[in-house]
Amino acid sequence: MGSKPAETAAAGSQQQQQAEESSLADVYNHELTPLQKHAAFFDRNRDGIIYPSETYQGLRAIGCGVVVSAAGAAFINAFLAPTTVPANVKPPAFKFPIYVKTIQQGKHGSDTDVYDTNGRFVPEKFEEIFKKHAHTRPDALTSKELGEMLKANRDPKDFKGRVGAFGEWRLLYALCKDKDGFLHKETVKAVYDGSVFEKLEREKKEAKEFAKKK
């Protein structure tokens, strides 16, 4: 038989964990920042915590293959999880949770700075992308122009940030470029609040439904 103190301690620990999870889900009771909206797409059960399995599900939902989704989930969660842990929260070991509430803590270097340090959208920085790098068309980027932007944003001492930025933008380009190889300005803007993910998921579902009817 287990001792009463041990049972009481276990129950107390479980209650504390439930309270923490409830508190983290409270993020959805308030207006989200654009960065939180971007991350929230991958919080598939809306509990405020994104585990690797949810990142995988989100990547699959927007059209990534099994290998890319598995590799992406492993990299994204390993990269972001340690930086987004809220104060006074002890994350579960080896589960690499990303926290929506404090996602701004995971903002990496070598990026466009379109998100500020609080996860808010900075219009001037967004416009700067196209003013500086959209040479062929003012409202879109080619693959070469995207590469130029990534190179311009590199911090030589920030290897992780450079890898993260490269992976994010190249994946976006692969999923969202048009038939002529242009990544449109309106698509890029929709990335910053996550609405492009919802659009991609909806289009994938519609394509599946259409294929079933054939």
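Which hand does the crossing of H3 and H4 have? Let's work through that one and a few others.

The model is predicted, so local features need pLDDT of at least 70 and side-chain atom pairs pLDDT 80 or more, while totals for chains, interfaces and linings use all residues. Residue numbers start from 1 along each chain as its sequence is written, and side-chain values use heavy atoms, with hydrogens and water left out.

**Exercise 1. Describe how H3 packs on H4.**

Step 1: find the helices, which are DSSP runs (H or I, at least four residues; strands are E, at least two), numbered from the N terminus. H3 covers 52-61, and H4 covers residues 66-80.

Step 2: get the geometry. The two axes come within 8 Å and cross at roughly 140° (axes are lines fitted to C-alpha atoms over the stretch in contact, and angles run from 0 to 180 degrees between N-to-C directions). That makes H3 oblique to H4 (under 35 degrees is roughly parallel, over 145 roughly antiparallel, 65 to 115 roughly perpendicular, and the rest oblique).

Step 3: assign the hand. The crossing of H3 and H4 is right-handed (the near helix is turned clockwise from the far one by less than a right angle; anticlockwise is left-handed).

Step 4: list the contacts, meaning heavy atoms within 4.5 Å. From H3, Pro52, Thr55, Tyr56, Leu59 and Arg60 take part, and their partners in H4 include Val68, Ala73 and Ile76. The contact splits into eight nonpolar, four polar and one charged residues (Ala, Val, Leu, Ile, Met, Phe, Trp, Tyr, Cys and Pro are nonpolar; Asp, Glu, Lys and Arg charged; the others, Gly among them, polar).

**Exercise 2. What is the hand of the crossing of H4 and H7, and which residues meet?**

Step 1: H4 and H7 (residues 159-176) pack at about 145°, with axes 12 Å apart.

Step 2: their crossing is left-handed.

Step 3: Val68, Phe75 and Phe79 in H4 meet Lys160, Gly161, Val163, Gly164 and Leu171 in H7.

**Exercise 3. Which residues lie nearest the centre of the largest pocket?**

Step 1: the lining has 38 residues, with His38, Ile76, His108, Gly164 and Glu168 nearest the centre. (On a 1 Å grid over the protein atoms alone, a pocket is an open set with protein on both sides within 12 Å along at least five of seven lines; lining residues have an atom within 4 Å of a point.)

Note on methods:
On a 1 Å grid over the protein atoms alone, a cavity is a set of points where a 1.4 Å probe fits but cannot get out, and a pocket is an open set with protein on both sides within 12 Å along at least five of seven lines; lining residues have an atom within 4 Å of a point.
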